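Please consult the sequence and the structure alongside the text.

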Amino acid sequence: MMPLTVARRDFSRLFRSSQGVLALFLALVGGNGLLLFLLRRAEGTAESFASLLGLTVSFGMPLLAAAAASRGFTRDRESGMMRLMFSTPVRARTWVLGKAFASWWLQCLYLIAMGVCGWILARWGLPAGAELPGMWEGYLFAGVMLVLQALLWAGVGTLVSLLTFGAAAAAFLTLLICAIVPPCFAWATAAVFPELQTQWAWLPMQEAVYDSAGGIFDLRLAVGCLSFAAVMLYAAGFLFDALRVCGRER
Amino acid sequence: MLELTDATFLYAPGRGIDGANLRAVSGECVGVIGPNGAGKSTLLGLAAAALVPQSGRVRLTLTDAGGRGRQRRYDSDIGIGYRRHVGYLPERAPVCPEMTVAGYLRFRAALRGESFLRVRRRVEDILERCALRPLRKTRLAGLSFGVIRRVAVAEAMLTHPALLVLDDPFAGADLAFRESFAELLRAVAQRSCVLIGGHDPELLATCCNRFVLVERARVTAVVDDYGEAVGRLREAEARPAAEEVPAPGRKGGRP
């Protein structure tokens, strides 16, 4: 229950902060713009609405993770809260999980908001009686994949916010990692195990969501997201303890 | 009982605290004094388990309230058992500016492991004791430095800890609160061990019955007498930086 106490406070702080609200607003505006553009482009094709919506959401999530990272441990460090956190009878994993959950909730909120906006856009934009191609399984698979990816981005953001000493640096580094590491990983996997991955994807995470919405759920990527999120959170917990031992926080 | 045995934490040679020996029992209020940069905050950080000693030991020994005399020992660097019994006010008194006074205290009480039903009672009690009741619904961002510090003091005392560590608690406090706070600390010190850091021995003398002098990263003296403490502090402040300070507990220093 303790991580939820921390997460609730952090989510509330994040949601009320200018960074949190601004990032959410920008992600929503950008996401809806991109969705409209993709809808217009897909007119007359067999592309499903779930694929386009999932693709749109997957681009906005790293932005929110970056905003959360700029408020996470970085903010506590700036306000001198770290020393008090070290002396509080709370384990490192509780702090780390709490911060990660707050970031994850923000991204899930974005997912829900985009779902609502997408539904409104589709209802408003379509002629009476027309139907968008798409199955409910598509929405479900894409949703699951997005939620898992959000957890991974939350883990990355939490670790980065512990490592960096400024809000801007934390946000920038999180965005950079979210943008660069997945294609690099896909390239390395394709190079080392050509039988596993035959193609180097430029946007592997986004493509996975797109494919999931089409009914091709990439279980390996889903497990990978979960595993990497666990590794990130474990590393963040370890780092938190290390910072306490080093005593560099004032 | 709080026991620091050769506790060392050095940021750099001569900065931090080196080989500190200190023993404080329940019912005692110890003032930690010394010039700026002497290592008072580091010593208090070690006692509050916010810092882990690089060498030596910081141990808290508690006796069961049941009267059976069973003793429990907690080392500051192992687990969170030690931290459960510590209330700490750091030098910078951090708080969450977007929370209300009562909301912040409730959050901190929940983090300290208080049950849901007890949190409210604890918060109401401390709001009353620290004269914060009229401000309970005010956001911390709108409060002055002195009042924010008072909230941080209230947070440290929230769960009636066995060891209370306060780093400069009188900073920013107005005269009326200083008097009532000193009285409150005397009451707390009757059943807890209290460590207070500060620069003004006259203020500390209103509640402390022992003084620890910290000089250039070392505990150089532990005295009971206020006059002696003031004299030693003046000497320490007047001493040129290059002069050698005797090792604590080895020559001259009383652990």
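**Briefing on the two-chain model**

In helix 1 of chain B, the buried residues are B:Lys40, B:Ser41, B:Thr42, B:Leu43, B:Leu44, B:Gly45, B:Leu46 and B:Ala47. A residue is termed buried if 20 or more other C-beta atoms lie within 10 Å of its own, exposed if 12 or fewer do, and partly exposed in between, with C-beta atoms placed from the backbone. Helices (H or I, at least four residues) and strands (E, at least two) are DSSP runs numbered from the N terminus. This is a predicted model, in which local features need pLDDT of at least 70 and side-chain atom pairs count only at pLDDT 80 or more, whereas totals for chains, interfaces and linings use all residues. Residues are numbered from 1 along each chain as its sequence is written, and chains are lettered from A and ligands numbered from 1 in the order in which they are written.

- B:Leu44 belongs to helix 1 of chain B and counts as buried, with 25 C-beta neighbours inside 10 Å.
- Not counting residues up to four places away in sequence, B:Leu44 touches B:Val32, B:Val165, B:Asp167, B:Leu195 and B:Gly197; two residues are in contact if their C-beta atoms, placed from the backbone, lie within 7 Å.
- B:Leu44 and B:Gly197 are 153 residues apart in sequence, yet their C-alpha atoms are 7.3 Å apart in space.
- Just after helix 1 of chain B, B:Ala49 adopts a positive phi of about 65°.

**Helix packing in chain A**

- Two packed helices are described by the angle between their axes and the distance between the axes.
- Helix 7 (residues 136-163) and helix 8 (residues 167-192) of chain A have axes that come within 9 Å and cross at roughly 140°; axes are lines fitted to C-alpha atoms, for helices over the stretch in contact, and angles run from 0 to 180 degrees between N-to-C directions.
- Helix 7 and helix 8 of chain A are therefore oblique to each other, given that angles under 35 degrees count as roughly parallel, over 145 as roughly antiparallel, 65 to 115 as roughly perpendicular and the rest as oblique.
- The crossing of helix 7 and helix 8 of chain A is right-handed; a crossing is right-handed if the near helix is turned clockwise from the far one by less than a right angle, and left-handed if anticlockwise.
- Helix 7 of chain A contributes A:Trp153, A:Val156, A:Gly157, A:Val160 and A:Ser161 to this contact, and helix 8 of chain A contributes A:Ala170, A:Leu173, A:Thr174, A:Ile177 and A:Cys178.
- By class, the contact of helix 7 with helix 8 of chain A has 7 nonpolar, 3 polar and no charged residues; Ala, Val, Leu, Ile, Met, Phe, Trp, Tyr, Cys and Pro count as nonpolar, Asp, Glu, Lys and Arg as charged, and the others, Gly among them, as polar.
- The axes of helix 3 (residues 49-71) and helix 9 (residues 204-213) of chain A come within 8 Å and cross at roughly 155°, which makes helix 3 of chain A roughly antiparallel to helix 9 of chain A.
- Helix 3 of chain A passes helix 9 of chain A in a right-handed crossing, and the residues in contact include A:Gly54 and A:Phe59 of helix 3 and A:Val209 and A:Tyr210 of helix 9.
- The contact of helix 3 with helix 9 of chain A has 7 nonpolar, 5 polar and no charged residues.

**Nonpolar core**

- Of the 158 residues in the largest nonpolar core, A:Leu64, A:Ala65, B:Ala47, B:Val165 and B:Val194 touch the most other members; such a core is a set of buried Ala, Val, Leu, Ile, Met, Phe, Trp, Tyr and Cys residues joined through C-beta atoms within 7 Å.
- Helix 7 of chain A gives the most to this core, with 15 residues.
- Beyond its neighbours within four places in sequence, A:Ala65 has contacts that include A:Trp153, A:Val156, A:Gly157, A:Thr174 and A:Cys178.

**Contact between the chains**

- The contact takes 22 residues from chain B and 18 residues from chain A.
- On the side of chain B that touches chain A, strand 6 (86-89) and helix 2 (101-111) of chain B each supply at least two residues, and helix 2 of chain B gives the most, with 3 residues.
- By class, that side of chain B has 15 nonpolar, 2 polar and 5 charged residues.

**Positive phi values in chain B**

- B:Asp6, in strand 1 (residues 2-12) of chain B, has a positive phi near 50° and counts as partly exposed, with 15 C-beta neighbours inside 10 Å.
- B:Ala131 lies in the loop between helix 3 (116-129) and helix 4 (145-156) of chain B, and its phi is positive, near 55°.
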